[in-house]
Amino acid sequence: MKSFAPLFRPFAAWLRPLACASLVANVALIVTGAAVRLTDSGLGCPTWPRCTDESYTTTAAMGVHGVIEFGNRLLTFVLAGLAIACFLGALARPRRRSLVWLSVAVGLGIPMQGVVGGITVLTHLNPWVVGLHFLLSIALISVAYAFWRRIDEGDGAPRSLVPAPLRALARLTALASLAVVAVGVVVTGSGPHSGDRGAKRNGLDPAAISQVHADLVFLLIGLSVALWFALRAVPAPPAAVRAALVLVAVELAQGLIGFVQYFTHLPVILVAAHMLGAGLVWCATLAVLWSLRERPALTAPAASTTDPAPAQEPVPAS
């Protein structure tokens with residue numbers, strides 16, 4: 001592998017923008033998936049891995065629905081190409097095992113996503129499988145975000161930048177954020193936009209599950225606002241305060257879209273915006289968690305033990 005290292009150096013020089021592009025593309029996958037569902041193109045390619053029994057690509061007879069569904073499948077190759085470029089860039093840099101393994105995790109998640117997407121087609125858009133497809137996108141976004149942020153970090157043990165109670169509040173906020181996303185998936189499975197006019201719904205009462213979703217949104221916003229005020233009240237890093245404020249702003253925008261779409265009977269443009277918002281809320285949540293700790297380089301000198309700062313206490317690796 002060392003003999004090929006010079007060939008990989010251009011990827012190393014562009015590793016940070018490549019990692020960012022990979023993250024953006026994984027968020028974009030949510031939007032293209034929403035386009036498939038909202039245009040009733042979920043079975044535009046009625047089988048998998050082929051688009052038809054005879055062709056891997058869409059045909060003229062399949063019309064616009066086939067084009068939309070096949071276009072969403074093509075995005076998988078873009079994601080795979082970015083993942084390979086990130087992996088090569090991680091190899092060409094001074095070798096950091098953490099970056100290499102994170103790039104591998106992103107790369108392996110993409111074919112897994114493709115397989116689950118295929119299962120959604122083969123099960124005729126079963127709403128629970130469709131929901132799993134979306135949650136796997138959230139997991140991929142998490143790993144892609146971690147890879148992007150770890151490029152600028154060292155490999156030392158993470159050190160907290162805020163007191164322990166604020167770390168606990170941030171984790172609770174992240175848990176609430178994940179719950180909002182997960183229940184939102186269930187709401188989608190009970191609603192009218194199934195991806196195909198003949199697809200089944202999950203059978204839950206849309207009004208009841210939407211109320212649960214709304215209650216969790218209020219809880220999340222309350223926790224996020226409390227976290228922002230708490231970070232301002234202690235000597236937290238400015239980046240952490242900004243990250244918490246951005247999270248609150250994104251949540252409020254997402255909540256507004258959610259309420260408007262509910263009371264206007266789910267117009268497709270607002271549903272698509274809400275799907276994008278879900279990915280952005282999760283990214284903003286990850287940004288808050290990342291802003292509360294740091295990882296020094298392994299070669300950095302040990303911190304002085306004569307006057308330890310409370311904000312620098314070691315925490316378990318994340």
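At what angle do helix 8 and helix 9 pack, and how far apart are their axes? The structure is a predicted model, in which local features need pLDDT of at least 70 and side-chain atom pairs count only at pLDDT 80 or more, while totals for chains, interfaces and linings use all residues. Residues are numbered from 1 along each chain as its sequence is written, and side-chain values use heavy atoms, without hydrogens and water.

Helix 8 (residues 238–263) packs against helix 9 (residues 268–291) at about 160°, with the axes 9 Å apart. Helices here are DSSP runs (H or I, at least four residues) numbered from the N terminus; axes are lines fitted to C-alpha atoms over the stretch in contact, and angles run from 0 to 180 degrees between N-to-C directions. Helix 8 is therefore roughly antiparallel to helix 9, a term for angles over 145 degrees.

Helix 5 (residues 127–150) and helix 6 (residues 164–190) cross at roughly 150°, their axes coming within 9 Å. This pair is therefore also roughly antiparallel, but its crossing is right-handed. In contact (heavy atoms within 4.5 Å) are residues including Trp128 and Phe134 of helix 5 and Val181 and Gly189 of helix 6.

Notes. Helix = DSSP H or I, 4+ residues; strand = E, 2+ residues; numbered from the N terminus. Parallel < 35°, antiparallel > 145°, perpendicular 65-115°, else oblique. Left-handed = near helix turned anticlockwise from the far one by under 90°.
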